[in-house]
Amino acid sequence: MSKEEQYQSYITELRRGSLTLAALSCLRSPHYGYALLQVMQEKGIEIEANTLYPLLRRLEAQGLLNSDWDTSESRPRKYYIISDMGKEAYQELRKEWNHIHESIEEICREEL
Amino acid sequence: MDQLIERYVYDVIRRLPEKEREEVKAELTANIYDMLSEEPGQEEIEKVLAELGDPAKLAVQYSQNTGYLISPAFYFDYIRTLKWIVPMIALIVGVVMMCVKVAEIIGMLGGNENTALLAKTVTSGMISAGIGGAVEGAVQAVIWVTIGFVIAEKTQVSKEAWNLKKLPEMPDVGSKPMSIADSIVELILPLVFFGILILWKMDVIGIFFSISGGTSAVHVLSDSFMNRFIVFVFVGVLFNTVKCSLQIYYGRFDKTVGMVQILDGIVGLAMLPYLFRANDLFHEEFIGFLRTKEWGEFDILRYLNSQNGEMGTVTAIVFGFFALAIFIEIGVALYKMIRLSIERKEA
C-alpha cells in the first residue's frame, strides 16, 4: 500500500463512524435516497451512493428509519424518514460525537 | 439500453438471499433512475453505474451476514487443526489402504508360486493404493474439519465470553522443541514395521533358508503367535500414532504425551502374558528346519521347546526383552514428566 493509500484508509475509517449520525440527522425530514445523497454531499460529507443506499436499508431494518413508496409520480420512489427509535439513537450519537470531539481536541491541544 | 440497468441490478441481487431480492431490486432501480435525467443517454447510464461500482461489492454492503465461511475468530484454530489432523489421517488411511491392497493381491494371485511376479505386483499395487488412500484421506480430513468449523461459525459455539480460565498452559518451559521431522519419522516407522509384519504374515516376504538343495521361505514364528503378535503390534501402533500426533500438535513434550506413552506401556505389559501365553513362539517348520542341522553338542532345540508346559528358555528371554523395553519406555516417560513438572515449578 502506498503512503497515500494508507492515509486514505485511516481517513475513510474516521469518516465511516460518522455516517450514521449524519444520515439520521438529515432524515429528521423525509428524503428520497438520491436526494439525501446530494444533501449530504452538499454539506461536505464524503459519501458514495454505494455506501448510502445499503446504509439506509440497514438502518431501516434496525428500526431507526421508516420508509414508504411515493406512487404519486409516473414511477414509484422510495423515501425515508427517521423513526422514534431513530430519534433516540440520534440523541445518543450526537452526545457521543460531542464527547469525542472534546476529548480529541483536548488531547491535541496538549503541549508535548 | 434499459437492459444495462436491469442487468446491473440483477447482478447485485442475485448475490443476495432470495427474500431480500425483490425489495432491493425495487429500491436500487428507483434510486438509479433518480440519479439519471428524464431521457438518459447511454453515456449517462454508464457513468452512473460506474459510480455505483462493482455489483459484487455493492451486494456485500447490502447483505446481512458477514460473508465469511470461517471468520477470523475461528480461522487460526481452523488452520492449526488442519495442520495436524490432515497428515495424521492421510498417513493412517494410506497405510491401511496399502495393507488392504496387498491382501487383495495375495487373494488374487494366491497359490502362484512365482514370488518375483508376486513381489512386483504387490509393490506397484501397494504404492498406488498407498498414495491413493493418502490423498483420499487428506481430502476427507479437510472436508470434515472445514464442515466442523463452519458449523461452529454458524452456531457461534463459544458464546461464553473469554475469561482467564481459558488460557492454555505454557508450552513446556525448558524442554526442547521437538522437530516435526522427528515426530513424523517416529510416527511412520511403526506403521512401516506393521506393514512389513503383515506382509510377512501373508508370506509375501519371508526369511529364506536353504533346505535340501533349494531355498524357500520358512515360517519362523508360528501362525497362532503371529496372529497375536499382529494384534499386539496393532495396539502399539495405535498408541504410537496418537502419541506422535500429540507431539506434532504440541511441538514439544507435554504431559499428555507422557501420559499416552505410559498408558501405552501399561497396556503393552498387560498384553504380554496374552502374547506369550502358549509356548508357541516358533513355527513347526522352523523347528523342523533346525532339526535338519547338526548342532553338535549344543542342542538348541532344548532351549526352544518346553518340557512339562514351562516356557522354553528362548521364549522366556524374548518375553524378558519385551517387558524390559516396555519398562524402559514407561520409565523414560515418567522421568520426562517429573522433570517437566519440576521445571514448571521453578519457572
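Predicted model: local features only at pLDDT ≥ 70, side-chain atom pairs only at ≥ 80, totals over all residues.
Let me start with chain A. Two packed helices are described by the angle between their axes and the distance between the axes. For helix α1 of chain A, residues 3-26, and helix α2 of chain A, residues 33-42, the axes come within 11 Å and cross at roughly 115°. With angles of 65 to 115 degrees counting as roughly perpendicular, α1(A) and α2(A) are therefore roughly perpendicular to each other. The crossing in which α1(A) passes α2(A) is right-handed. On the α1(A) side, the contact is made by Leu19(A), Ala22(A), Ala23(A) and Cys26(A), while α2(A) contributes Leu36(A), Val39(A) and Met40(A). And what kinds of residues are these, nonpolar, polar or charged? In this contact there are 7 nonpolar residues, no polar ones and no charged ones.

Staying in chain A, helix α3 covers residues 49-61, and its 13 residues reach 18 Å from the first C-alpha to the last, which is close to the 18 Å expected at 1.5 Å a residue. Several residues of α3(A) are buried, among them Leu52(A), Tyr53(A), Pro54(A) and Arg57(A). After α3(A) comes Gly63(A), which has a positive phi, near 90°.

Finally, let us turn to chain B, where Thr81(B) is found in helix α5, residues 72-109. Its relative accessible area is 18%, and because buried means under 20%, Thr81(B) is buried. Leaving aside neighbours within four places in sequence, Thr81(B) is in contact with Val145(B) and Phe149(B).

Technical notes. Residues numbered from 1 in each chain as written. Chains lettered and ligands numbered in written order. Heavy atoms only, no water. Axes fitted to C-alpha atoms, helices over the stretch in contact; angles between N-to-C directions. Helix = DSSP H or I, 4+ residues; strand = E, 2+ residues; numbered from the N terminus. Parallel < 35°, antiparallel > 145°, perpendicular 65-115°, else oblique. Left-handed = near helix turned anticlockwise from the far one by under 90°. Contact = heavy atoms within 4.5 Å. Nonpolar A, V, L, I, M, F, W, Y, C, P; charged D, E, K, R; others polar. Expected span 1.5 Å × (residues − 1). Buried < 20%, exposed > 50% of the residue type's maximum accessible area, 1.4 Å probe, protein only.
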